[in-house]
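Notebook open, structure on screen.

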Amino acid sequence: MAMSKGTSTYNRQNWEDAEFPILCQTCLGDNPYLRMTKEKYGKECKICIRPFTVFRWCPGAKMRFKKTEVCQTCSRLKNVCQTCLLDLEYGLPIQVRDAALKIKDDIPRSEVNKEYYVQNLDSSLSAADPTVPAGSVGKSAAASDLLMKLARTTPFYKRNRPHICSFWVKGECKRGEECPYRHEKPNDPDDPLADQNIKDRYYGVNDPVADKLMRRAAAMPKLEPPEDKGITTLYVGNLGEVFTEKILRDHFYQYGEIRNITMVPRQQCAFVQYTERSAAELAAEKTFNKLILGGRRLNIKWGRSQGKQAPSIEAAREMLEPVPGLPGALPLPPAGVGNNFFNLPGVVPPPPMPPVLMPPVFPPMGTVPMNFPPGTAPIHYPSQDPSRMGTSQGIGKPWPEENE
């Protein structure tokens with residue numbers, strides 16, 4: 001007689017058994033040779049309370065060990081990292097992303113409804129592409145201006161640092177430099193960032209990090225167009241070595257007709273000049289603090305007018321306001337005082353000295369003339385002395401002729 005499957009057996013079949021976690025680049029770390037420990041059904045998910053496969057690893061040197069906190073079903077449902085619960089595409093909290101994309105959270109909160117909802121969702125997620133966002137995130141529209149302004153394009157490995165040593169705060173840590181925790185002063189306990197909840201971050205409510213980012217977005221400056229209507233050039237900075245004129249032209253031509261693009265490889269910047277001012281204003285509005293090409297956030301500014309050059313040093317000094325209380329400038333010395341460096345009264349500079357001519361040097365009397373007969377050359381060096389060279393010839397004897 002066959003036995004019917006019980007509730008525990010049915011639930012166990014829906015537990016997660018994964019081979020690799022869903023992580024963002026920050027949590028994964030900068031170490032290309034990463035080793036992880038895998039524990040099958042090692043912990044319950046903090047959202048759906050179902051056992052899942054737990055991964056644990058160290059993201060880099062002098063970093064704390066990290067592990068997965070939620071299951072892959074909950075991660076794919078919100079398109080977030082299993083560890084930090086930040087969006088995989090923009091690196092932002094769920095509350096900021098949902099507010100920008102106008103996504104409404106429809107996940108049930110009660111334990112029974114949540115488990116039933118997730119179990120029915122597993123079948124659809126298993127057949128879908130794991131690299132594509134699922135749920136309401138995958139059905140949302142294109143990215144908004146708010147997400148393009150706040151999106152993080154590079155990893156932020158500072159999040160992987162160890163926690164603060166509680167013994168050091170009390171003044172009782174005896175490990176010294178060997179302590180694996182940070183010896184730093186903790187943040188103010190009244191700071192809202194010190195009170196973070198993983199469930200609030202997942203559901204997108206009461207997230208202090210999201211509130212901080214929203215305030216930052218509201219305080220961001222705007223790129224005001226210059227008063228000179230003849231300026232139609234935009235400055236594009238933070239270009240990498242792989243950027244070419246074709247890449248910039250393919251992106252900026254959508255805002256209007258381009259007259260010229262000037263590349264400056266040494267400064268890693270470029271100047272995009274439009275034929276009309278309206279096209280340049282539209283490009284500046286659509287790209288300021290929003291343009292990301294090749295994984296790099298580009299700096300957009302207005303170009304300067306060619307007629308207005310930078311003021312000279314003398315003009316800049318005249319524009320400066322004088323400082324009160326300083327003595328006036330010293331007067332120049334009179335023209336008659338040439339070498340009187342101390343400005344002494346009555347001192348007349350000496351007349352210039354005439355050039356001194358050296359007398360010709362003649363050889364002293366009694367010296368041997370330069371023209372002497374062959375074979376009777378005087379001895380000037382010890383090497384010319386025949387007695388010093390091991391011969392029996394005396395000094396003053398005639399030298400042998402060359403033809404002998």
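Below are my entries, by topic.

**Entry 1: what I am looking at**

I am working from a predicted model, so I keep that in mind for every value below.

**Entry 2: the sheet**

I started with the strands. Four of them make an open sheet, and going across I read the order β5-β6-β4-β9, with antiparallel pairing. Which strands stand at the edges? I find β5 and β9 there. Each has a single partner strand, so one side of each has no neighbour in the sheet. On average, neighbouring strands are turned by 20° against each other, direction ignored.

I then looked at one pair in detail. β4 and β9 run antiparallel and are joined by four bridges. I looked up L234 and found that its bridge partner in β9 is W302.

**Entry 3: helices across the sheet**

α11 lies across β4, β5, β6 and β9, and its angle to β5 is about 145°. α12 lies across β4, β6 and β9, running at about 145° to β9.

**Entry 4: the cores**

How many residues does the largest nonpolar core have? I get 22. V236, L239, F252, V272, Y274 and L298 have the most contacts inside this core. Two or more residues come from each of β4 (233-237), α11 (245-252), β5 (258-264), β6 (269-274), α12 (277-287) and β9 (299-302). Which element gives the most? That is α12, with four residues.

As a general note to myself, nonpolar side chains tend to be buried together in soluble globular proteins.

Setting aside neighbours within four places in sequence, F252 is in contact with V236, I258, V272, Y274, A283, T287, L291 and I300.

There is also a second, separate core of 18 residues, and C48, V80, I94 and L125 are included in it.

**Entry 5: salt bridges**

I searched the whole structure and got 13 salt bridges. I went through two of them in α11.

Buried or exposed? E245 is partly exposed, with a relative accessible area of 33%. R249 also counts as partly exposed, at 32%.

D250 has 41% relative accessibility and counts as partly exposed. K246 reaches 58%, so I file K246 as exposed, the cut-off being over 50%.

Elsewhere, I noted a network: K43, K46, K67 and E69 are joined by salt bridges that share partners.

**Entry 6: the annotated zinc finger region**

Last, I checked the record. An unreviewed UniProt entry lists residues 159-186 as "zinc finger region: C3H1-type". In the model, the end C-alpha atoms of residues 159-186 lie 15 Å apart. How much of the span is helix, and how much is strand? I read 18% helix and 0% strand.

I also looked at a salt bridge with residue numbers in that range. The side chains of R182 and E184 meet at 3.2 Å, N to O. E184 is partly exposed, at 33% relative accessibility.

How values were computed. Residues numbered from 1 in each chain as written. Predicted model: local features only at pLDDT ≥ 70, side-chain atom pairs only at ≥ 80, totals over all residues. Heavy atoms only, no water. Core = buried A, V, L, I, M, F, W, Y, C linked by side-chain atoms within 4.5 Å. Buried < 20%, exposed > 50% of the residue type's maximum accessible area, 1.4 Å probe, protein only. Contact = heavy atoms within 4.5 Å. UniProt positions renumbered as here; feature names shortened; annotations may be inferred. Salt bridge = Lys/Arg side-chain N within 4 Å of Asp/Glu carboxyl O. Pairing = 2+ DSSP bridges. Axes fitted to C-alpha atoms, helices over the stretch in contact; angles between N-to-C directions.
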